Amino acid sequence: MNINKNLSFYKFMHKQIMVIIALNVATAPGYLLMGYLYTSMVYESIWMVLMTVILPAYGYFLYKQFSISMTILQKDIWLTKVRYFMFIYSVAWTLMFVYYISSDNLEMHYITIATQIGSGVVAAALLASQRKLLFFTVASIMLPLAAYFLVIGELFSYILSFFTIILASVLLYAAKNTNDYIMKSNYQAYHDQLTKIGNRRFFLEILESSAREFGNKYSYLLLIDLDYFKTVNDTLGHDVGDELLREVARRMQRLSNEYGNYIARLGGDEFCVLSDTYSNEERCLESAKVFAAKLHSEIKKTYDIMGNHLYISASIGVNVVNNRSVNAAEFLKEADMAMYEAKNQGRDGIIVFSDDLYALVQNKLEIERLLYFAIEEGEISLNYQPQVDNNDKVVGCEVLVRWNSNKLGPVGPDLFIPIAENTGYIIELGEYILTESFKTINEWSNNNLDIQTVSINISMRQILHKDFVSMVARVHNEYIESGCNIGIIFEITETSSSHDLSSLKETIRQLKEYGISFSIDDFGTGYSSISYLSEISLIELKIDKSFIDKISEAKQKLLIKLIVDIAKNLNLTVVAEGVETVYQRKILEEMECDIFQGYLFSKPIKKEEFEQLCILSVDGRGWNV
Ligand code: C2E
Ligand code: MG
Ligand code: MG
């Protein structure tokens with residue numbers, strides 16, 4: 001589809017039909033009077049029927065035929081008919097002109113010259129948006145007039161002929177200006193100013209009209225969202241961010257041109273692609289996957305922008321669409337679900353929408369709904385996973401939340417914590433976890449349980465909340481008595497934005513006053529790890545389980561060694577997470593890892609069980625490893 005020929009253009013042409021009919025029907029009867037005064041009225045009557053009955057009837061038919069719900073193809077066919085109609089209607093005046101100038105009566109000449117000029121002006125005004133048609137129409141009206149003056153062969157008539165040509169040129173020039181203006185405002189309404197590709201309005205319109213054309217055909221729809229684009233804006237400034245978006249759009253445009261796909265920017269860092277139609281669903285899906293993979297790798301190639309070497313990835317949702325529903329918004333929503341799933345699965349990936357995905361999203365919604373009542377229903381509890389030192393002594397534990405839903409059964413924190421983070425429920429849940437943990441810590445301290453630290457997971461959304469520090473202070477004051485001899489550690493994950501980083505630094509500084517220390521959880525899986533470590537004040541670093549899992553591979557071993565060295569240089573305690581085998585433990589010990597946590601020692605257990613275990617480990621019976 002021509003991007004300039006959109007709905008508002010068709011609507012404009014639609015309106016012009018009635019205007020041209022009204023003008024012609026109102027003026028053409030003048031020739032009846034002429035016929036009555038000067039000729040036999042035979043030709044005038046025939047011409048009148050043409051101008052006030054036949055052509056208006058056809059025009060009215062075209063007017064009625066148009067509907068917004070027509071497909072793009074139907075609209076184009078309709079537009080061609082409208083063009084012929086307008087051309088014929090305007091040029092019909094030339095018939096009377098030729099007939100009248102062949103008469104000897106000069107009065108008839110004057111009249112027909114005037115109507116000819118009039119129809120030229122009207123055509124120029126009404127057909128301004130149709131460049132080629134306008135040229136032919138104005139030429140067909142004004143050239144006969146100029147020729148007529150030339151044929152008279154007098155000096156004054158040459159001058160008149162010259163003036164006629166000038167008038168025709170002025171009409172064309174004025175119409176061109178109007179046309180340019182229409183095109184420009186149309187362009188602005190349907191294009192994204194920054195990237196010059198189509199905008200949301202353009203995309204929804206083509207999606208909607210394509211949906212009507214599908215029949216048994218299929219198209220694919222891609223929704224592309226850049227990962228961590230905000231970081232580029234925040235750290236390098238909006239100029240670099242804008243240029244990055246332009247370059248992404250250019251790459252998308254190049255690839256889409258090869259495939260004949262439409263693209264648009266929906267806003268922010270979100271782009272859309274719609275393909276041509278396929279008659280077979282499988283083939284459409286295959287092509288969608290191929291195109292999405294190519295686009296994904298194209299976007300990921302490095303960028304050179306204003307002296308910065310940049311790299312950005314994207315999360316892509318794919319949806320194969322046909323006419324099972326004609327609702328464009330629905331198609332987009334499904335692609336959106338797929339895109340969000342790609343984000344949830346760690347970004348930088350492609351997910352195809354399917355019924356399974358729909359069920360997954362519905363399940364998440366159900367979890368979201370039930371989670372809201374989990375605390376008051378008493379379904380939330382805490383488990384404690386022991387952490388041991390080189391001598392197998394339990395030196396601390398990590399608090400891990402558990403949700404045993406009455407309706408859904410046990411739901412893992414990997415599933416519900418991200419949901420709680422997205423909905424904001426993590427604020428309430430986090431406070432509950434903190435309160436229960438603090439109560440337990442205080443109780444253990446009073447009972448002289450022989451451990452040094454308790455680690456509590458704090459999600460980023462929680463820690464960046466404006467009331468976080470005051471909430472922690474309040475709960476601390478209420479439940480932790482002075483003289484408590486168990487250290488409190490907050491486990492946090494890496495954040496990507498510099499704005500977050502500065503407020504995080506401030507939070508850490510304020511909480512130090514309450515004796516709370518910070519640890520980086522899942523180290524090595526996040527973003528910008530190394531610089532992050534030196535910027536914030538920490539006491540501990542936890543090596544992610546994914547590294548420990550592959551410790552037998554030389555490369556991974558080297559990586560772990562590197563992490564341990566960095567931690568040692570920064571004076572941080574190193575905790576290895578997810579230690580499952582004696583072999584892993586042995587290698588980690590050789591690398592001078594300080595603390596171990598994992599199923600090799602114990603799964604996360606209930607409070608009473610943990611207390612028992614601490615006593616056993618003090619007794620020296622250890623873990624038998
Ligand atoms: P995490 O903080 O990295 O916690 C470690 C996870 O690894 C826990 O999963 C733990 O049960 C599991 N794990 C520990 N050792 C082993 C092992 O040897 N083998 C295997 N296969 N797994 C092991 P869990 O309890 O399912 O928690 C998952 C994640 O949920 C946590 O990862 C943490 O990010 C989050 N989470 C858990 N509790 C809380 C909480 O109270 N608050 C917040 N904000 N997040 C929490
Ligand atoms: Mg943790
Ligand atoms: Mg972890």
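Trainee: Which domains does the domain assignment give for the protein?

Mentor: The assignment gives domain 1 (7–190), domain 2 (200–353) and domain 3 (376–616). Please keep in mind throughout that this is a predicted model.

Trainee: How do you know that domain 1 and domain 2 are in contact, and what separates their centres?

Mentor: Contact requires heavy atoms within 4.5 Å. Nine residues of domain 1 are in contact with six residues of domain 2. The centres of the two domains, taken over C-alpha atoms, are separated by 46 Å.

Trainee: Why is helix H6 called roughly antiparallel to helix H7?

Mentor: The axes of H6 (residues 131–152) and H7 (residues 155–190) cross at roughly 170 degrees and come within 7 Å. An angle over 145 degrees counts as roughly antiparallel, and H6 is therefore roughly antiparallel to H7. By class, the residues of this contact are 18 nonpolar, four polar and three charged.

Trainee: What makes helix H13 roughly perpendicular to helix H14?

Mentor: Here the axes of H13 (residues 355–371) and H14 (residues 413–423) cross at roughly 75 degrees, coming within 10 Å. The range for roughly perpendicular is 65 to 115 degrees, so H13 is placed in that class relative to H14.

Trainee: Which residues of H13 and H14 make the contact?

Mentor: H13 contributes Lys364, Ile367, Glu368 and Leu371, while H14 contributes Leu415, Phe416, Ile419, Ala420 and Thr423. These divide into six nonpolar, one polar and two charged residues.

Trainee: Why can Glu491 and Asp521 be said to tie together separate parts of the sequence?

Mentor: Glu491 lies in strand S12 (residues 487–492) and Asp521 in strand S13, so the pair ties together parts that are 30 residues apart in sequence. Both Glu491 and Asp521 are buried.

Trainee: Which residue coordinates both magnesium ions, ligand 2 and ligand 3?

Mentor: Asp521 coordinates both, and the two ions are 4.0 Å apart.

Trainee: Why is Glu577 called buried and Asp522 partly exposed?

Mentor: Buried means under 20% relative accessible area, exposed means over 50%, and partly exposed lies in between. Glu577 has 11% relative accessibility and is therefore buried. Asp522 has a relative accessible area of 25%, so the residue is partly exposed.

Trainee: How do you know that Glu298 is buried, and which residues does Glu298 touch?

Mentor: The relative accessible area of Glu298 is 17%, so this residue counts as buried. Glu298 lies in helix H11 (residues 281–300). Leaving aside residues up to four places away in sequence, Glu298 touches Arg251, Arg254 and Tyr303.

Trainee: Are Met41 and Glu592 buried, partly exposed or exposed?

Mentor: Met41, at 27% relative accessibility, falls between the two limits and therefore counts as partly exposed. Glu592, at 55%, is over the 50% limit and so counts as exposed.

Trainee: Why is Gly378 called exposed?

Mentor: Its relative accessibility is 58%, so Gly378 counts as exposed. Gly378 is found in the loop between H13 and strand S8 (380–388).

Conventions:
Residues numbered from 1 in each chain as written. Chains lettered and ligands numbered in written order. Predicted model: local features only at pLDDT ≥ 70, side-chain atom pairs only at ≥ 80, totals over all residues. Heavy atoms only, no water. Axes fitted to C-alpha atoms, helices over the stretch in contact; angles between N-to-C directions. Helix = DSSP H or I, 4+ residues; strand = E, 2+ residues; numbered from the N terminus. Parallel < 35°, antiparallel > 145°, perpendicular 65-115°, else oblique. Nonpolar A, V, L, I, M, F, W, Y, C, P; charged D, E, K, R; others polar. Buried < 20%, exposed > 50% of the residue type's maximum accessible area, 1.4 Å probe, protein only. Domains from an automatic or database assignment. Donors = N, O, S within 2.8 Å, 3.2 Å for Na, K, Ca; no water.
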